[in-house]
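Subject: Structure for your review

Dear colleague,

Please find below the structure that I am handing over to you.

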Protein chains: 2
Amino acid sequence: MALAFIIITKNNGAGAAQNDVVLPVETGTAQPQNNANARFLDPDDVHPGFLRRQLPADAPSRPELDAFGAALRDVRDLILPGLTHWQSPRHLAHFPASSSTVAALGEALTAGINVVPFTWTASPAATELEMVVVDWLGKALHLPETLLFCSGGGGTLLGTTCEAILCALVAARDSKLADIGGSRRIGDLVVYCSDQTHFAFRKAAHIAGIHRDNCREIATSRDDMFALSPAALRAAMRADADAGLVPLFLCARRWAPPRPPPWTPSASSAPSRQRTARGVNAHKWLLANTDCCALWVRAPALLVAALGTEQEYILRGAAAEEHGGDVVAYKDWSVTLTRRFRALKLWLVLRCYGIEGLRGHVRAHVRMAASFESMVEADARFEVTATRRFALVCFRLLPPEGKLEAANELNRRLLEEVNAAGSGPYMSSAMVGGVYMLRCAVGSTLTEERHVSEAWNVVQDRAASLLRKMENTSSTAACTA
Amino acid sequence: MALAFIIITKNNGAGAAQNDVVLPVETGTAQPQNNANARFLDPDDVHPGFLRRQLPADAPSRPELDAFGAALRDVRDLILPGLTHWQSPRHLAHFPASSSTVAALGEALTAGINVVPFTWTASPAATELEMVVVDWLGKALHLPETLLFCSGGGGTLLGTTCEAILCALVAARDSKLADIGGSRRIGDLVVYCSDQTHFAFRKAAHIAGIHRDNCREIATSRDDMFALSPAALRAAMRADADAGLVPLFLCARRWAPPRPPPWTPSASSAPSRQRTARGVNAHKWLLANTDCCALWVRAPALLVAALGTEQEYILRGAAAEEHGGDVVAYKDWSVTLTRRFRALKLWLVLRCYGIEGLRGHVRAHVRMAASFESMVEADARFEVTATRRFALVCFRLLPPEGKLEAANELNRRLLEEVNAAGSGPYMSSAMVGGVYMLRCAVGSTLTEERHVSEAWNVVQDRAASLLRKMENTSSTAACTA
């Protein structure tokens, strides 16, 4: 019954075309404020408290008649109209939370199986499938072999990058404290990133007990395409060492689009090459559904030393005793004991799309972003504000001459108006080096060329209107003066 | 197609009887070694590496014909036979990972909707539904009103207790460091628990940078039913304060069954009553499917101060600007930015079972555990080793007189043989104060009275056989002597 409620649009079945996805409704709009599908909820009513006010203050004591049906009707009438539709083809904000029919069915299957693979014994096939798929994905991404199980490294599937960074950091922290002796020197540890690094890194470092003053954000510049400067990094590390501090960890990325939040595959590594970790969010661009973040490490023993709970040998089971290092207990690779069987959906995606299918999926989005970028570049009223590497285009409207100081405010208003447009796109923003810019992040499963060009038409239309208004205000001001 | 593969057993529809659950197969057994349903995989082949050896070393470049169907056949033939079936009615090990049709359909719906509610704007209805259900659940559990949104506190749905404890600890840590001045004093902070506290607490404290030597495990005794002694706690805190250290956090439980791992609702709180946090795993006994852990705090501002990333104001959106404190940005309440829409399934469960339905579900398991306990008590060869409070029975086989030193080894063998029995139960173990004991944790959705009594029959049968063997060995030894 619930499943009938999930409308599968453009489902081409097993082979899985790029546009196949599970959606609860045909998502016409990206923003709750604009949802043309809202049936009973007035879109204008979506403001803080709108849903809380409509639901009872207490859970029912006993279920009403046909409770599930009634709840589904509320999903349709109250909840869906109040969601921001990340699966809309016009969702170009933040980052893609890409979904596929295959991964959604994988989630359903996982929910039905509902095992908790915290050790090998707690669900052998779940643990081993995880080992298989992280090696599969690592090879497909051309990661160094040393990060794969088949070469002494290994990976795991966590929920998010935030968690992955935290695990890698804690492992690096403990290893360094063991090296320098005296684990009370945690206050001396220093971590490094660029001023373009996602805030998840600073947050993870803070959680791990690294002093907030000991997180160095190396300045980048637009001239260097916001890349981290090795010279600046070396200088910062030397200065810290001279001051008696201890350089611990560098969070680097393979490329540097303006920051909040990066949705391209990211990589982080410790300064020592022997202790590298890398991460990729398969739930962002790889159709694996939220959540699914792969973390690979070169030295799993460091993770286990930091996060393992070897005193709880009772959980290990005979298999681990007999096979020693061959048996992975994933509870020792992450923050959590309870964990989901995420490998199943990622394995289904890899099998049903194939590496070439996923490459095609990613390349199509990159092509669409390139096309959006060309349209921006062809319009002299706009500028592309950061070099596009993949499918993220950062751009802004240039204010009329003599009004450069108004640029940020103008673009803020532009974004507001674009996002408020009837069936327009939903975009987000970034602030880099004092410059406010719009972000068009292509990557939703259902996004096609036409959605991107329609989005550009909306941007142009709203920009023209805003510039006209500025012009009129100036004329009026001139007349009045 | 995938969904047809999920067999819904005893599905009574919306009203949702206690036994309704989604299972991928009729789970006849709890252990992979014993799986009578294995069709193509020989159960004896489930040892480390069994699955990795059977799967290709690389992901396919292009999907095979009918890739999804082929993958599902592999799920049936290779993966399911190699799982530990947590949803089996004979799974009495570790803790229940309780599932319901309603929650599993909720997961499927969530996977289809696939929104990322990190701020209110990022999905208003998802954020508000989370606020509603944590208040609903908190009221149903009779939590202090100060922990509810309706009274200035508030809650969130995280993945696991490990994550919840970490969040509460980091908030307490930062608040204390601000109080005492000088955040470099992190090495002086001391946390407290009992020697029965789950290792998740020590792990979370370690991740948060609390020195491993600064985690005090207050000794408990069987005479006190393993309860934490307030006098011992006070003495430990006083000693630490006298030594110049700073007492920070107490992880307490509402009751104290022997440890690994506690699956009853647990509560943790800071020494100061003003800063209490509580947590409950709805995915354990409350039919909400893995994962779903509710965390409530009395002072959300402390969480936000520690985990918030207010500098990223770009993510906040106009609604937050306008409504200030009324708008919850759940990214600031947890470790992660990306998060799942867990509220939907919990809301469906609460609506479709009602509070009375969930109470009945829990009470039925408590009754079954009481019945198991009575059977243990009625057999003089056994003893109940810890007071049963809810649905966990800890017990052991007493060795023949004069062989008390053999008790642990005897019970280790007993557990092995019980778990190896053809269609027997799957139990786990604990070691408390040097005493090894078996744990019978009743709580699987499908478990009925008969499964518990059948489990006891298997235990009795294997115990008799072991005792006979010991007797024979003794006789032989005596004869030989």
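This is a predicted model: local features need pLDDT of at least 70, side-chain atom pairs count only at pLDDT 80 or more; totals for chains, interfaces and linings use all residues.

**The interface of chain A and chain B**

Chain A contributes 140 residues to the contact between the two chains, and chain B contributes 141 residues. The buried area is about 11,800 Å², with carbon and sulfur atoms giving 66% of it. On the side of chain A, the three residues A:Arg52, A:Asn114 and A:Arg351 supply 6% of the area buried against chain B, more than any other three residues.

The polar part of this interface comprises 48 residue pairs in polar contact, counted with both residues at pLDDT 80 or more. Six salt bridges are found across the interface of chain A and chain B. The side chains of A:Arg351 and B:Asp74 form a salt bridge, with an N to O distance of 2.5 Å. Helix H11 of chain A, residues 343-377, provides the largest share of the side of chain A that touches chain B, namely 11 residues. By class, the residues on that side of chain A are 81 nonpolar, 34 polar and 25 charged.

B:Thr290 sits in the loop of chain B between helix H8 (282-285) and strand S9 (293-297). What is the relative accessible area of B:Thr290? The value is 6%, and because the limit for a buried residue is under 20%, B:Thr290 counts as buried. Its side chain makes a polar contact of 3.1 Å with the side chain of A:Asn114, and A:Asn114 is one of the three residues named above for their share of the area that chain A buries.

Neighbours within four places in sequence aside, B:Thr290 is in contact with residues of chain A, including A:Val116, A:Thr338, A:Arg339 and A:Arg340. Its contacts in chain B are B:Ala97, B:Glu107, B:His283 and B:Lys345.

The peptide bond from B:Thr290 to B:Asp291 is cis, with omega near 0 degrees, and B:Asp291 lies in the loop between H8 and S9 of chain B. In chain A, a cis peptide bond likewise joins A:Thr290 and A:Asp291, with omega about 0 degrees. A:Asp291 is found in the loop between helix H8 (282-285) and strand S9 (293-297) of chain A.

**Positive phi values in chain B**

Most residues other than glycine have a negative phi, and most peptide bonds are trans. B:His142, which is not a glycine, has a positive phi of about 55 degrees. B:His142 belongs to the loop between helix H4 (124-140) and strand S3 (154-158) of chain B, and is exposed at 64% relative accessible area. B:Phe226 also has a positive phi, near 60 degrees. B:Phe226 lies in the loop between strand S5 (215-218) and helix H7 (230-242) of chain B; with a relative accessible area of 6%, B:Phe226 is buried.

**Domains of chain A**

Chain A is divided into domain 1 (2-92), domain 2 (116-340) and domain 3 (354-480). Domain 2 gives 17 residues and domain 3 gives 26 residues to the contact between them. The area buried between domain 2 and domain 3 of chain A is about 1,800 Å², and carbon and sulfur atoms account for 67% of it.

One salt bridge is found across this domain interface. A:Arg222 and A:Glu383 form a salt bridge in which the closest N and O atoms are 3.7 Å apart. Where domain 2 of chain A touches domain 3, its side has 12 nonpolar, three polar and two charged residues. Three residue pairs are in polar contact between these domains, both residues being at pLDDT 80 or more.

**Two further sites**

Helix H2 of chain A (residues 67-79) has 10 of its 13 residues buried, so the helix is largely enclosed by the rest of the structure. Among the buried residues are A:Phe68, A:Leu72, A:Val75, A:Asp77 and A:Ile79.

B:Val384 is part of strand S10 (residues 382-384) of chain B and counts as buried at 17% relative accessibility. Residues up to four places away in sequence not being counted, B:Val384 touches B:Arg222, B:Glu373, B:Val376, B:Glu377, B:Cys394 and B:Phe395. The C-alpha atoms of B:Val384 and B:Ser374, 10 residues apart along the chain, are 9.3 Å from each other.

Yours sincerely

Definitions and conventions
Residues are numbered from 1 along each chain as its sequence is written. Chains are lettered from A and ligands numbered from 1 in the order in which they are written. Side-chain values use heavy atoms; hydrogens and water are left out. Helices (H or I, at least four residues) and strands (E, at least two) are DSSP runs, numbered from the N terminus. Buried means under 20% relative accessible area, exposed over 50%, partly exposed in between (1.4 Å probe, protein chains only). A polar contact is a pair of N or O atoms within 3.5 Å; within protein, one must be able to donate a hydrogen and the other to accept it, and residues adjacent in sequence count only if both atoms are side-chain atoms. Contact means heavy atoms within 4.5 Å. Buried area is the accessible area (1.4 Å probe) that two parts lose on being put together, summed over both. A salt bridge is a side-chain nitrogen of Lys or Arg within 4 Å of a carboxyl oxygen of Asp or Glu. Ala, Val, Leu, Ile, Met, Phe, Trp, Tyr, Cys and Pro count as nonpolar, Asp, Glu, Lys and Arg as charged, and the others, Gly among them, as polar. Domain bounds come from an automatic or database domain assignment.
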